[in-house]
Amino acid sequence: MWYRRIRRTAARGAGARGAGARGVRALTAGCVLAALGLAAGPAPGALAAPAEHTPTAVTSPATDATAHTVTLVTGERVTLGADGSVVVAPRPGAAADYVTRRLDNDVFVIPLTALPYLGRTLDPALFNVSALAEAGVTTTPVRVEATGGATAPRSGPAFGAALAKQVGAEAAEGSAGDGSLFGGVTSVVPAVAKADGRATRRSPGRADGTRADDMRADLTRAEHTRADGTRADHPVKVTVLGTDGEPLPGTTPFALANVDDAALYREPSLDAVDGEAKAEVPAGRYSAMVSAPTFDGAGESTGLRMATAEFTVPDGATGTDVVLDLRKATERVTFSTPRPAEEHQLILHYLRDDAKGEVAVNGGVGVSSGAPVYVQPSSRPVTTGELRFNVYTHRKAPADAATPYSYDLKLANPAGLIAKNQHYKVTGGQLVTVRTNYHSDTPGRVQEVARLMYLPYESSGEALSEPFKTPARRIEYVGGSAGVSYQGWLKAGERRFVSEEQTLRPGRTTTVDWLRGPLAPGFTAPAPGTAADETWYCAACRKGDALTFSPSTVMDSAGHHVLAFPSDVTSSHFAVVSGDTTLYEGDGVSGGVLTVPPRKAPYRVVYDQTRTNGEFHQSLTTHTEWTFSSGHSGAQTVPDNWTCVSEAGEYDGPAECSALPVVVPHYRLDAALDGTSPAGDDHLVVGFGHVPGAAAAAAVTKARVEVSFDGGERWTAAAITALGKGRFRADWTTPESAAGRDVSLRVMGTDAEGNGVAQTVKSAFTVAAPRG
């Protein structure tokens, strides 16, 4: 391709659900949030160690460190997850209508309003979210070329609004994308500073005046030369017809790939100019796909159609004509649900694999405007490679519903084709009922929620975020085809929280709390029923003499954890102590991997954390101490689908890996959705367990809970009642004088072998003010 392509490889976070079928990614040191030091020597600040083995530190596993949010030039905010999943939030005051395209490790999110200008005035690299994330930008910087003194609006919502206005005006005249933007802007490209300080941009043409279209043709020929050295010189003409049967005016991007072997030819974004495109390709069988929108006078989508074509380029052919006919996109995608629900978003996913099982075409279309979407049904199943097509919808209750509810549905078409009937009727037997409580210690905080859903063959998910005010309660129905799994995503302020992926279990009713306090460091765990082939990165394990200790920095009481970037942890201190020896101590880190002596010894890990976040009032300061014993691990105790860090600092499977006997608390605080609890009798139920994978862990037999009404100056011990199975109830009386003030918690638990945890959370909840 003629745009800059950045390959992106990164690990799923330690303690995070691995990619499984989505692929295990390599550990990338450059993305690490919490690192103990360098692999080639003693950890910085390490004291004298036993002579038998000098402790050294290696790079920490990254806790979802590659999750990144960037605002596109058009104002949409896109969060790219470690596995390539995307969550799109619309620019203010607009719908989020977009297409996604995926090539290798590059993910493109392209608003429909940008499609007519893509590859001409607007550089596709503006929408390469993977490259922008790797460059570390949060708002897309641009360079603009123009004539006649024209200027472009500022990158972001202003640019997007102006672009929509121009699209609407041009569409009303019958064509969009032919001329310059904004009265004379001829080129908009990203200006992204690389590590060496230079800027990366694509020139709209060569010094000799060659047009960008010619440049791309040159590069296409160069990239698609056969392995035996012969040129890919079979000409193909692709015509895109509109719904009137005439060549579609303007610029229309489409995908084209060889389905015998996608490595021979695969282009996710070729341009049909005024309905026509030409390419030179190797002989073989091919698949093409186009998505084309229509617009109203405000630049909003009034409909979208997706058409496909399967064809063969014979060896020695002097010309092959192909038609992508939008008139064949006759089937509108519609749904019916047990309760009335209005469409909030619709996402199509089209995945075409070649005969070798590699991805040839991987594209999606997402709309939140409610515009109709039509697809071209298959006349017969594909015979070369594989075709998978599915739909996702998020639907909401009518505005007058007594209790808000929603539907999240992911439904697959039969393998190999796009079904002729695109109406999806969903029954109660396909659904899980999730009674969801959204907690907020800041009244009226706007949060955004999305649900990423995956079918077994999908490597990533897509969703549009939905904003709403909290605290709030909702009923959420989740359903889909067999084998579907789902993962929650929540944005509160500028922090993003996620749940672990879990398999859909129709017919069940569950209750889920988001951001229920106290929020504190902890360890994530696989969701119940997680597939045995889903890779899990161990966050508290020992493999040989490599000791990994990498907690998630912020978790709520339900186990939802914060994505590492961007982080609101403004100061932290981490220390690993064994006996009288400090093996590591440093600021600005939250965990890592340490090579330790082989003999069994006691360890104490201390982590202090302060967060600065105006969107949160509670749980901003914590102090946690874990104590446990550990010796050389030569045996495997973790499941076979786990992977652990070796002394070389690499993930290399579960052999010789055992989970550390680290005790973890699980809170059930009796507070309201706004994080308040009235004065008088109050209580906390805390359950103590161990990190995931700990084999035959000793039961927690001792617990202590203390409360402070003056910011930790004085502590009062609560009355403890053992409830069994590591659960304890703590009771205390909150004085009336504490009304309107914050309460701090200190919780301690010890198992029968002496392993324990002590965790202090300042301002864990607030005493409700007296009713006036």
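This is a predicted model: local features need pLDDT of at least 70, side-chain atom pairs count only at pLDDT 80 or more; totals for chains, interfaces and linings use all residues.
Visitor: Which strand gives the most to the lining of the largest pocket?

Guide: The largest pocket, with a volume of about 1000 Å³, is lined by 42 residues, and those nearest its centre include Ala527 and His560. Strands that each supply at least two residues of this lining include β26 (431-438), β31 (485-492) and β34 (509-514). The one that gives the most, with 5 residues, is β34.

Visitor: How many residues of the lining of the largest pocket are charged?

Guide: The lining of the largest pocket comprises 42 residues, and by class it has 19 nonpolar and 16 polar residues. The number of charged residues in this lining is 7.

Visitor: Is Thr251 buried or exposed?

Guide: Thr251 lies in strand β12, which covers residues 251-258, and, leaving aside neighbours within four places in sequence, Thr251 is in contact with residues including Leu115, Leu118, Ala176 and Asp271. Buried means under 20% relative accessible area. Because the relative accessibility of Thr251 is 5%, this residue counts as buried.

Visitor: Which residue has a side chain joined to that of Thr251 by a polar contact of 3.2 Å?

Guide: Two partners of the Thr251 side chain can be told apart by the atoms involved. With Pro116, the backbone oxygen lies 3.4 Å from a polar atom of the Thr251 side chain. The polar contact of 3.2 Å, by contrast, joins two side chains, and the partner of Thr251 there is Arg120.

Visitor: What distance separates the C-alpha atoms of Thr251 and Val273?

Guide: Thr251 and Val273 are 22 residues apart along the chain. In the model, the separation of their C-alpha atoms is 4.6 Å.

Definitions and conventions. Residues are numbered from 1 along each chain as its sequence is written. Side-chain values use heavy atoms; hydrogens and water are left out. On a 1 Å grid over the protein atoms alone, a cavity is a set of points where a 1.4 Å probe fits but cannot get out, and a pocket is an open set with protein on both sides within 12 Å along at least five of seven lines; lining residues have an atom within 4 Å of a point. Grid points are joined across faces, edges and corners, and a volume is the space filled by probe spheres set on the points. Helices (H or I, at least four residues) and strands (E, at least two) are DSSP runs, numbered from the N terminus. Ala, Val, Leu, Ile, Met, Phe, Trp, Tyr, Cys and Pro count as nonpolar, Asp, Glu, Lys and Arg as charged, and the others, Gly among them, as polar. Buried means under 20% relative accessible area, exposed over 50%, partly exposed in between (1.4 Å probe, protein chains only). Contact means heavy atoms within 4.5 Å. A polar contact is a pair of N or O atoms within 3.5 Å; within protein, one must be able to donate a hydrogen and the other to accept it, and residues adjacent in sequence count only if both atoms are side-chain atoms.
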